[in-house]
Amino acid sequence: MLSRYKNSYLSYVVFYVGYYAVFSLFGSVLSVYLTGIGMTDREMSLVLSAAGIFSFFVAPVTGYISDRARSQKAVLAVILAAIGTLALVFSACRGIGALFVLNGLIMALINSMTPVCERVAGESKYRYGIL
């Protein structure tokens with residue numbers, strides 16, 4: 001049943017809506033979550049600042065892996081699995097150091113998905129950019 005939607009515009013629309021929904025939900029709920037576990041404003045700002053620092057280093061690595069991989073969809077699947085696993089570990093941690101590292105890795109992986117998604121969209125049978 002789902003095979004008829006493979007490589008259709010609908011599949012890309014659903015994927016991008018889901019991607020940006022997860023990105024915005026994680027970013028907006030994170031400060032509320034950190035407040036709920038008792039973090040001060042300073043600690044929260046430290047944890048939230050990890051995204052930019054880690055993205056600076058993780059994005060080139062995922063870009064290199066994506067360029068060398070045969071299947072971009074497999075790269076996306078691995079990144080999504082890593083994000084899900086790290087998010088589960090993140091929910092169990094309370095230490096500021098662990099939360100800093102985990103938030104940095106999660107957000108860096110989310111940020112590094114964008115170019116891979118664009119590449120997958122560009123390889124479809126439809127003309128890219130008219131969606």
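Student: Where in the chain is confidence lowest, and where is it highest?

Tutor: This is a predicted model, in which local features need pLDDT of at least 70, side-chain atom pairs count only at pLDDT 80 or more, and totals for chains, interfaces and linings use all residues. Here pLDDT is the predictor's confidence in each residue, from 0 to 100. Helices are DSSP runs (H or I, at least four residues), numbered from the N terminus. Confidence is lowest in helix H1 (residues 9-36), with a mean of 81, and highest in helix H2 (residues 41-68), at 91. For the chain, the mean pLDDT is 83, and 84% of residues reach 70 or more.

Student: Happy with that! How many aromatic pairs are there?

Tutor: A pair of aromatic rings is described by the distance of the centres and the angle of the planes. Rings of Phe, Tyr and Trp (its six-membered ring) pair if their centres lie within 6.5 Å; planes under 30 degrees apart are stacked, over 60 edge-to-face, and the rest tilted. That rule gives 5 aromatic pairs. Tyr-19 and Tyr-20 have ring centres 4.7 Å apart and planes at 75°, so they are edge-to-face.

Student: Is Phe-90 buried or exposed?

Tutor: Buried means under 20% relative accessible area, exposed over 50%, and partly exposed in between (1.4 Å probe, protein chains only). Phe-90 has 4%, so it is buried, while Tyr-33, at 25%, is partly exposed.

Technical notes: Residues numbered from 1 in each chain as written. Heavy atoms only, no water. Helix = DSSP H or I, 4+ residues; strand = E, 2+ residues; numbered from the N terminus.
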